[in-house]
Amino acid sequence: MRISTKGRYALRLMLDLALNNTGENISIKAIAARQEISIKYLEQIISMLNRAGFVKSERGAGGGYRLAKAPEEYTVGMILRLTEGSLAPVACIEEAEQCARYAECATISVWEKLNEAINNVVDHITLADLVEEQRNKQTDFVI
């Protein structure tokens, strides 16, 4: 399994919104500058996040984006599944009925364990956890 650029950037975008959460809207231009990601690409991602209800948007002067919920309410898994779809390492994990070899397959237990491990990681890390980790990294270099 490999997470696409869209998934990685969506997570960075959501983290940026969480880190800069003052209650005010944040412009896509400001996020793009901080994250060094093109505005056009971020517009595509934010549109997906907006449709899913992960962010709120406002147009006009003072417009921009903000998280729809508290950072504690978003997991990495939620964000990645929105952008990536399934995180299963192989198709037969989610489509067992379509695999003629599923019942006799000795390797299925490997894929099930890997799938469980992936889900355990991404479903137990919240945006709030990432905010704390990012802030700790920023203070690690203070002299």
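**Entry 1: glutamate 104**

I looked up glutamate 104 and found it in the loop between α4 and α5. Helices here are DSSP runs of H or I with at least four residues, strands are runs of E with at least two, and both are numbered from the N terminus. The model is predicted: local features need pLDDT of at least 70, side-chain atom pairs count only at pLDDT 80 or more, and totals for chains, interfaces and linings use all residues. Residues are numbered from 1 along each chain as its sequence is written, and side-chain values use heavy atoms, with hydrogens and water left out.

Is glutamate 104 buried or exposed? I noted it as exposed, because its relative accessibility is 62%. The cut-offs are under 20% relative accessible area for buried, over 50% for exposed, and partly exposed in between, with a 1.4 Å probe and protein chains only. I then checked glutamate 104 against glutamate 116, 12 residues along the chain, and their C-alpha atoms are separated by 20 Å.

**Entry 2: the whole chain**

I stepped back to the chain. It has 6 helices and 2 strands. From the N terminus on, the order is α-α-α-β-β-α-α-α. The C-alpha trace spans about 60 × 40 × 25 Å along its principal axes. Of the 143 residues, 34% count as buried. I also looked at contacts, meaning heavy atoms within 4.5 Å. Among those with a separation of 6 or more, 64% are between residues 24 or more positions apart.

Aspartate 16 sits in helix α1, residues 5–19. I put it down as buried because its relative accessible area is 1%. Which side chain makes a polar contact with the aspartate 16 side chain at 2.7 Å? I found arginine 34. A polar contact is a pair of N or O atoms within 3.5 Å; within protein, one must be able to donate a hydrogen and the other to accept it, and residues adjacent in sequence count only if both atoms are side-chain atoms.

Glutamine 35 is in helix α2. It counts as buried because its relative accessible area is 17%. Its side chain joins that of aspartate 16 through a polar contact of 3.0 Å. Aspartate 16 touches Ile31, Arg34 and Gln35. Glutamine 35 touches Arg12 and Asp16.

**Entry 3: the largest pocket**

A pocket is found on a 1 Å grid over the protein atoms alone: it is an open set of points where a 1.4 Å probe fits, with protein on both sides within 12 Å along at least five of seven lines, and lining residues have an atom within 4 Å of a point. The volume is about 180 Å³. That is the space filled by probe spheres set on the points, which are joined across faces, edges and corners.

Which element gives the largest share of the lining? I found α1, with 6 residues. Both α1 and α2 (28–35) supply at least two. By class, I noted 4 nonpolar, 3 polar and 4 charged residues. Here Ala, Val, Leu, Ile, Met, Phe, Trp, Tyr, Cys and Pro count as nonpolar, Asp, Glu, Lys and Arg as charged, and the others, Gly among them, as polar.

**Entry 4: tyrosine 74**

I found tyrosine 74 in the loop between β2 and α4. It counts as buried because its relative accessibility is 0%. The backbone nitrogen of lysine 69 lies 2.9 Å from a polar atom of the tyrosine 74 side chain. Beyond neighbours within four places in sequence, I saw contacts that include Met14, Phe54, Ile79 and Leu127. Isoleucine 125 is 51 residues away from tyrosine 74 in sequence, but the C-alpha atoms are 8.5 Å apart.

**Entry 5: glutamate 36**

Last, I looked at glutamate 36, in the loop between α2 and α3. It is exposed because its relative accessible area is 73%. Its phi is positive, about 55°, although it is not a glycine. Most residues other than glycine have a negative phi.
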